[in-house]
Amino acid sequence: MIRPAASRALRWWRQLQVMTVKELLQVARDTPLMLFFVFAFTVQIVMGGGRPGFELRNALLHVRDADNSAASRELASRFRPPYYVFHGAGGRPDAATRLLDRGDAMVVMDIPEGFERALAQGRPTAVQVQVDTTNSAVGLLAATYAQQIAADYATEIALARAGITAGELQSLPVIREEQRAWFNPNQDNRWFFSVGDMVMMVTLLTILLSTAALAREKERGTVEQLLVSPLSPLQILLPKVLAMTLVVVAGTMVSVFAVLGPVFSMPLQGSLPLFFTITAIYGFTSSGLGLFAATVTRNLSQAGLLAIFLFVPIILFSGIHTPDEGMPGWLHTIVLFNPMAHYIDATYSILLRGAGLDLVWDSVLAMALLGAAVFGFGVWRFRRQFE
Amino acid sequence: MNARRILTVMHKEWREMVRDPLSLVMGFVLPFALMLLIGFGMTFDVENIPLAIVDRDGSAASRDYAYRFIGSRYFDFKGYLADERKAAPLLMDGKLRAVIVIAERFERDLLAGRPAAVQVLLDGAFPDRVRITKGYISAINAAATRELIAGYLSRRDGIPAAQANELLQPFGLEMRYLYNQGVKSDWSIPPKLIMFILFFVPAFMTSLRVVREKETGTIFNIYTSPLTRVEFLLAKLAPYVAIALVNLVVLWLLAVLVFRAPFKGSFTLFFAAGALYVIATTCIGMLVSVFVRTQIAAMLISLVITFVPALQYSELEEPVTSMDPEGQLITYLLPGMHYVRVIMGTFLKNVGLEVLWPEALTLAVQAGGLFFACYLLFHKRVKA
């Protein structure tokens with residue numbers, strides 16, 4: 001008897017469709033929410049893409065040159081924009097601390113008296129550099145660059161004294177390095193941050209919207225109506241996930257075609273259909289997390305707080321903010337269960353590095369498994385909570 | 001203003017909170033748990049960079065050179081590769097971040113007194129990390145080059161290698177890292193997390209308060225009561241400011257006791273500025289709540305407009321001086337950065353109000369301005 005089975009399947013499918021349309025309509029009728037979607041996938045990506053990142057830019061430099069010689073002036077002049085901005089000179093010894101305290105200088109350099117003479121006579125001398133490292137990442141960059149600049153200058157002086165000219169250096173046994181950064185040759189931060197922001201928006205919206213969609217029905221009691229309808233728990237929950245997935249896939253399409261390409265001129269390397277498919281899988285997984293938050297709580301306030309506890313670590317430990325290589329070991333294990341970490345991997349690989357499914361399949365599989373587990377748990381919990 | 005009326009509404013809010021004990025408990029547990037998790041996990045250090053080496057020369061010199069990278073704590077050596085073509089898929093998949101290719105004639109060139117070529121391939125997808133990685137590699141190459149030149153000089157002039165090496169470093173930089181002596185990210189991150197967490201948690205908790213009454217219709221009780229707008233807003237805000245203040249102290253204790261961040265300045269200043277800060281963030285939540293019509297919109301909008309700036313426009317990560325003008329404007333307009341300055345001033349720098357008064361003043365203006373905005377947007381009349 002194929003007919004009844006076929007008509008049952010058809011009815012099941014229609015019910016799913018109707019419920020999905022209901023979810024989409026609910027979202028579409030909330031005007032502030034709709035405006036917000038547009039904002040999140042366009043303006044927010046443009047703004048987020050403009051982040052500077054941990055780049056040393058305009059570090060305020062204060063120089064106290066007690067030598068005031070050609071050599072000392074040459075050294076100071078090598079601290080150039082865009083990395084350093086010359087922001088003042090002189091002052092008493094205790095003034096340095098005050099400048100750093102107030103944030104009026106980030107780097108204070110003290111060149112000792114007799115610097116040039118010491119260099120000429122071959123006596124070792126030292127230049128003191130104080131760096132504000134309250135922002136450790138940028139402070140470290142400021143220090144590293146300062147050391148590079150000083151080392152280059154020191155080598156030049158030494159070579160000149162040894163009678164080796166710059167031209168001769170090319171006929172000496174030295175290491176000649178050629179560095180090439182693939183996939184983003186000019187280290188355009190915007191390519192990195194705009195994609196990162198898009199992924200973050202997908203995460204935030206799917207988790208929060210699906211949490212809210214279910215928590216609201218529970219709070220208002222409309223979920224009771226759904227339970228007495230001929231719908232199965234799966235048919236109640238799946239449409240919510242589907243609706244949110246559709247919304248974010250549409251959102252990423254807007255981001256990719258309206259922002260990443262035209263605004264940031266990103267060379268979209270890989271297959272876009274593959275990327276949108278993976279986005280749909282991730283949307284399913286991360287909406288599943290939102291449903292989970294709503295099924296284990298009673299109202300929107302509880303569900304929202306639980307959702308925060310989910311999305312904050314998911315975003316911070318996805319690889320955008322904390323480099324996965326630098327993470328402590330225990331966190332590495334947890335991150336294996338972070339769907340956004342897998343989505344980020346796959347997204348950068350496809351959009352920036354031009355990878356295909358043959359390379360990113362492991363990330364996709366991990367996302368799908370996590371999604372199935374979370375969603376399965378949600379359906380099971382959903383049925384149980386009313387028994 | 002009538003204190004009794006305010007107290008009555010506050011009492012009602014309090015009853016509501018107590019009858020939803022899970023939310024109340026989560027309001028305290030969430031900041032606490034986030035602080036521990038992020039405080040221990042977050043780092044900006046770039047270390048253990050996965051690296052592979054293609055040694056086309058296979059000589060003693062090239063192996064010696066490769067060991068400079070294999071032995072470095074900044075790199076996590078994954079093995080030798082036969083050729084560059086093998087490296088491409090690994091870089092594409094993010095399994096490797098750097099590949100060093102040593103040319104065929106590496107040893108022969110060096111022995112003949114010629115420059116030897118080394119090619120470095122990097123995964124450019126993460127520009128911040130590429131910049132730092134490039135720095136590490138250049139430093140290793142500079143050290144190798146200096147040793148090679150020292151060897152050349154010692155042969156040419158007949159002086160010991162050590163002396164030649166010294167000659168090549170006529171002066172050095174004496175670095176002093178202020179406020180964060182080990183340049184450990186650990187010291188600066190936990191204190192900044194106080195700002196981060198207290199940006200979005202109070203804003204979210206408050207954002208549901210008015211819109212919930214709109215959704216359930218109980219707001220009409222308020223509309224028809226003699227309660228004034230200011231009284232209503234104050235009564236609604238006060239309990240959430242109080243929760244945030246308790247969290248402020250708890251997070252401070254975690255930063256000092258668990259993460260061992262040095263606290264050098266005045267607690268009064270830290271707490272007073274913190275109070276202004278949480279009033280501001282609570283008011284952001286309230287502003288969303290009086291503005292939107294549904295709890296879903298309130299939740300989503302309040303979280304995104306506080307979480308994203310807490311991360312990007314607050315000096316949690318990059319400093320305001322390196323941002324472009326639009327980013328700087330957003331950063332100055334929002335309370336996050338101003339409070340981070342107070343946190344850094346009182347934790348690591350030991351500066352007082354004589355330096356931090358502009359930040360404190362800005363926070364006060366922001367708290368007042370946001371409250372005033374709530375007042376302007378909240379009407380006791382249903383819009384037609």
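A: Here is where the core lies: the largest nonpolar core has 236 residues, and those with the most contacts inside it are A:Val107 and B:Cys283. A nonpolar core here is a set of buried Ala, Val, Leu, Ile, Met, Phe, Trp, Tyr and Cys residues joined through C-beta atoms within 7 Å. Helix 9 (residues 189-220) of chain A gives the most to this core, with 18 residues. This is a predicted model, in which local features need pLDDT of at least 70 and side-chain atom pairs count only at pLDDT 80 or more, while totals for chains, interfaces and linings use all residues. Residues are numbered from 1 along each chain as its sequence is written, and chains are lettered from A and ligands numbered from 1 in the order in which they are written.

Q: Which residues does A:Val107 touch?
A: Leaving aside residues up to four places away in sequence, A:Val107 touches A:Ala59, A:Leu61, A:Tyr84, A:Val129, A:Val131, A:Ala142 and A:Ala146. Two residues are in contact if their C-beta atoms, placed from the backbone, lie within 7 Å.

Q: How many helices and strands does chain A have?
A: Chain A has 16 helices and 5 strands, where helices (H or I, at least four residues) and strands (E, at least two) are DSSP runs, numbered from the N terminus. The radius of gyration of chain A is 29 Å, well over the 21 Å that the globule rule gives for 387 residues, so chain A is more spread out than a compact globule. That radius is taken over C-alpha atoms, and the globule rule is 2.2 Å times the number of residues to the power 0.38.

Q: And what are the domains of chain A?
A: Chain A is divided into domain 1 (2-41 + 186-385) and domain 2 (59-169), with bounds that come from an automatic or database domain assignment. The centres of these two domains, taken over C-alpha atoms, are separated by 50 Å.

Q: Which strand pairs with strand 1 of chain A?
A: Strand 1 of chain A pairs with strand 2 (residues 84-89) of chain A in the parallel sense over 5 bridges, pairing being called if DSSP finds at least two bridges between two strands. A:Leu60 has A:Val85 in strand 2 as its bridge partner. Strand 1 (residues 59-65) is mostly covered, as 5 of its 7 residues are buried; a residue is buried if 20 or more other C-beta atoms lie within 10 Å of its own, exposed if 12 or fewer, and partly exposed in between, with C-beta atoms placed from the backbone.

Q: Switching topic, how many residues of chain B are in contact with chain A?
A: There are 104 residues of chain B in contact with 103 residues of chain A. On the chain B side, helix 6 (residues 127-157) supplies the largest share, 17 residues. Strands also join the chains: strand 5 (residues 175-182) of chain A and strand 4 (residues 116-123) of chain B pair in the parallel sense over 8 bridges, and A:Arg180 has B:Leu121 as its bridge partner.

Q: Where is A:Ser265, and is it buried or exposed?
A: A:Ser265 sits in the loop between helix 11 (233-260) and helix 12 (272-295) of chain A. A:Ser265 is exposed, because 10 other C-beta atoms lie within 10 Å. Its phi is near 40 degrees, a positive value in a residue other than glycine.
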